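Thanks, everyone. Let me put the model on the screen, and then we go through it chain by chain and contact by contact.

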Amino acid sequence: MDFLFILPIFLPLLTAIFLFLNRRIFNELVTNFFTLNSALLSFAISFFAFVTFALDKFKPISITLYQWTRTPDITIGFTLDGLSGVMLLLVTGLSFVIQLFSTSYMEEDEKHSNYFVYFNFFVFSMLLLVMSSNFLVMFFGWELVGLSSYLLISFWSQKPAAAKAGNKAFVINRIGDFGFLIGLMIILNTFNTFDFHTVMQSSTNISENTITTISLFLLLGAFGKSAQFPLFSWLPDAMEGPTPASALIHAATMVTAGVFMLVRISPMLQHSVTVSIVIISFGLLTALIAAFSAMNQYDIKKVLAYSTISQLGFMFIAIGAGAYVAAIFHLVTHAFFKALLFLGAGAVIHSMHHEQDMRKMGGLRKRMPITAGMMGIGTLAISGIPPLAGFWSKDEILASVFAKAGMQNELVFSIMYYLFWSLTLGAALLTAFYMGRHWLLIFEKDNGIDHSEVQEAPKAMTRPLILLGIFSIFIGFINTPFFHGLEKVLHETLENVEVTHLPEGIALVVLAVISIGAGFTGLIIAFLIFGFELHKRINLEKFKLESPINLVKDLSSNVLYLNKFGNVFFVSGMKNVSRKVAVIVDGLIIDGSVNFISSAFGKTSRITSATQTGLVRNYVVYFGLFLVLLISLFIFTPLVAQ
Amino acid sequence: MFELLIFFLPASLLIIGALIVVFAKNPVHNAMGLVMTLVSLAIIYITLNATFVAMVQMLVYAGAVMTLFLFVIMMIGVDKKEQTSDSIKGQTFLVSGVFLILMSLLAYVAVNSEFSWNLWFPAVEYVVEGTPQLIAGTLFTTWIFPFEIISILLIVATAAAIALAYDSKIRNKDA
Amino acid sequence: MLEVTTDWYLTLAAILFSIGFFGMMIRKNALIMFMCIELMLNAVNLTFIAASKHFGQIDGQIAVFFVLVVAAAEVVVGLAIIVSIFRKQSSASVDVLNVSRG
């Protein structure tokens, strides 16, 4: 039964093909039936395979489907170990829940069946990515998730913004993929194989410089896919796609591919100090910038998009700190509560008839109690309030960074890591603040708009919400300081990896209290401003805070002007350069030389064509001339004349 | 003496015939000059012991090819006068120039070798008789491939001649 | 005592070739030009036969056969061309024909 785990990979592909072929025949009901059942079946098989695998003491299973060449070793193979097992369960499970939600959300959409074709295709590509046993298959999956993400972002391609957002995501991802591809080439050149296991085994024999180079190129790929600074601006735009697709692709699974990949190559990463510092600093920068930007957004989905980027930054921080288990743990918990938040936002958008501006919402709690409650759970979970899921994982990340600081031999590095820790804590506080604001603006704050027509979302939407809400509460218990469940699962994968462990005893408790404090503080500030409306009750004018607050608001809603900076610096610069290239290199040099050659041929042929009179007797004269030439040759060359 | 006679008589006939071909105004006379040339060439072949080639020369050239020529002359008529002045600009100049250079080259060669040919290889003592047996024996063994190819060429030429001479307009009128 | 040697035949062939070539250049009638071509081909044949005797080899005579066949093929095609030209312009002069002008 070893091959069982590859069935869930190809089941979505078959479903996608089947639905595509029958897209004109099937109505919505039949399409829903097939796609839901296939998703459920694939989850069931995954679950069964995972349980079998767990009973076998998490011994990794590998399957080679096809071997192309032996040296260099290029094969198509899949593997089931702790890491891919967790991802397998996560992807198939969430895919089922979100497809259940989609059946209602995409109801009566023109391209209903297309949506499910793309969706299933995405699930297939994501599973290809996570289940691969070598870099090449992973790259296939990597590119295919990019493609399906593009298809789903610009799903409503009649909207110019959606089409543009799809292009943007694709182009920015391409920058990352370029780095990934170069990394793969160096890997093949160095190790002569793509296989994860072999590469990781032999990575100890390779010089640190090579490791650093490979890791940095792969990291560029991870930055592109996981929307890290500076390649993050595509993710907020990607919210143009259908909300359930955003929930699965741009929150729960695809964007975590970078994190997954980095954990996959962790045996290699740990050898390079440079890469660790690069990862942690970029992760931190991303977490802070995105959290800051989320503070003043009014689009219900954009807040969540920036929040996703920020949480991905947390995962990168965990990887940089060497806490690979914590990264995967946060990936799992984040997948649940972010999917919950996205689906909740989808339910709100659906009930508000595709209104996404939070300023036109407010006071929806009474109209949509279930959605409000579930989104409240999601908000608490992401803010890190115990005992919800987010607390356990975020606290583990913070504690790991702190522990890493204690492990440093030099004081400078120690101070640096303590600084990282405090900034991460600040990002956590900001997270609680903007998520509290998000919830309050939608469900609590009274904007004086009449919402009496708004109704609770249909059952097909609330049920997945409730399911995810339950998971958001309890999923955190898979890896608490008292029960290292996930760590055991990942044990085989991270066999030779030095994982940063949590501090023991009283230090852990203190750290936990600090992180809970940060979460509560953020929520309380949010409540004071948006719920209690503090600024209206006390006279702010004597503090002269008007202009700093406006500045912060302006910077936040414009994402620190990073996009404008990018546009001015890269896009228009690139445009100018390419225009010049088009005129000078293409127009003058290439076209010029081609035109010159052709006109030279034209001129010379016009001259020589004068000899081609078409008159036979002229040709006879030419014949005579060459006869003379030939005879002279015979007479005057020494060879013949002797 | 007889040897010289048997060479010079056909040789002079041959040159006279060739000149008639070039200079006669009436196409029929040209054709007769060509016949004369070909027949005297056949005689020269016999003096060169190539009897079978001489026979074939008589049959194919002086017989078949010449009949073809005369047939065409009959078709296009003999009364058309060729215009005497040259219609192509500079042709006379070119022709005389080329011919003069060619002749002076030949004269140079003749004077340079003091009117004696140096063939480098001496003539063999024995005589090869060009009998049909000998020719066939070599033609159908050593030269069998060129022979087959040349037969393909003949078929193609025949087909081409039919295609070229076929007048579709006339045929359509009849039908 | 003069002896008829191979070089005599070669000289005769050269004269024949020159006459044919000269005729090629000065005549405008396509038919006559073909006859001149025949003269030149025959001059070549004569050198082949003379060489065949000179070297005591039969292959020269076989080459004559090939030239003969090629000449026959050429005459057949050429005369067909002349006939079709004559149908168009009722003259066999080649000077008015410059369709293949470059």
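Chain B has 7 helices and 0 strands. Read from the N terminus, the order is α-α-α-α-α-α-α. Keep in mind that this is a predicted model. Chain B has 175 residues, and 30% of them count as buried. Now the contacts inside chain B, taking residues at least 6 apart in sequence: 49% of these join residues at least 24 apart.

Next, the partners of chain B. I start with chain C.

Together they bury about 6,800 Å². Carbon and sulfur atoms account for 79% of that area. What about salt bridges across the interface of chain C and chain B? The rule finds 0. Polar contacts are there, though: 7 residue pairs, with both residues at pLDDT 80 or more.

The buried area is about 1,100 Å², and 77% of it comes from carbon and sulfur atoms. Which residues of chain A lose the most area to chain B? Arg617(A), Val621(A) and Val628(A) do, and together they make up 41% of what the chain A side buries. Salt bridges between chain A and chain B: 0 by the rule.

Ser632(A) sits in helix α25 of chain A. Buried or exposed? Ser632(A) is at 18% relative accessibility, so it counts as buried, since the cut-off for buried is under 20%. A polar atom of the Ser632(A) side chain lies 2.5 Å from the backbone oxygen of Val628(A). Leaving out residues up to four places away in sequence, Ser632(A) touches Thr637(A) and Leu105(B).

Last topic: aromatic rings.

Over all chains, the structure holds 43 aromatic pairs. Take Trp439(A) and Phe443(A) as one of them: the ring centres are 5.6 Å apart and the planes are at 45°, so this pair is tilted. Why tilted? Because stacked pairs have planes under 30 degrees apart and edge-to-face pairs over 60, and the rest count as tilted. Where do these two residues sit? Both are in helix α18, residues 411-444, of chain A. Trp439(A) and Phe443(A) are 4 residues apart there, so about one helical turn separates them. Phe443(A) is buried, at a relative accessible area of 1%.

Chain A also has a ring cluster to look at. Ring pairs link Tyr115(A), Phe116(A), Tyr118(A), Phe119(A), Phe155(A) and Trp156(A).

That is my tour. Questions, please.

Definitions and conventions: Residues numbered from 1 in each chain as written. Chains lettered and ligands numbered in written order. Predicted model: local features only at pLDDT ≥ 70, side-chain atom pairs only at ≥ 80, totals over all residues. Heavy atoms only, no water. Buried area = accessible area lost by both parts, 1.4 Å probe. Salt bridge = Lys/Arg side-chain N within 4 Å of Asp/Glu carboxyl O. Phe/Tyr/Trp six-rings, centres within 6.5 Å; stacked < 30°, edge-to-face > 60°. Buried < 20%, exposed > 50% of the residue type's maximum accessible area, 1.4 Å probe, protein only. Polar contact = N/O pair within 3.5 Å; in protein donor to acceptor, adjacent residues only side chain to side chain. Contact = heavy atoms within 4.5 Å.
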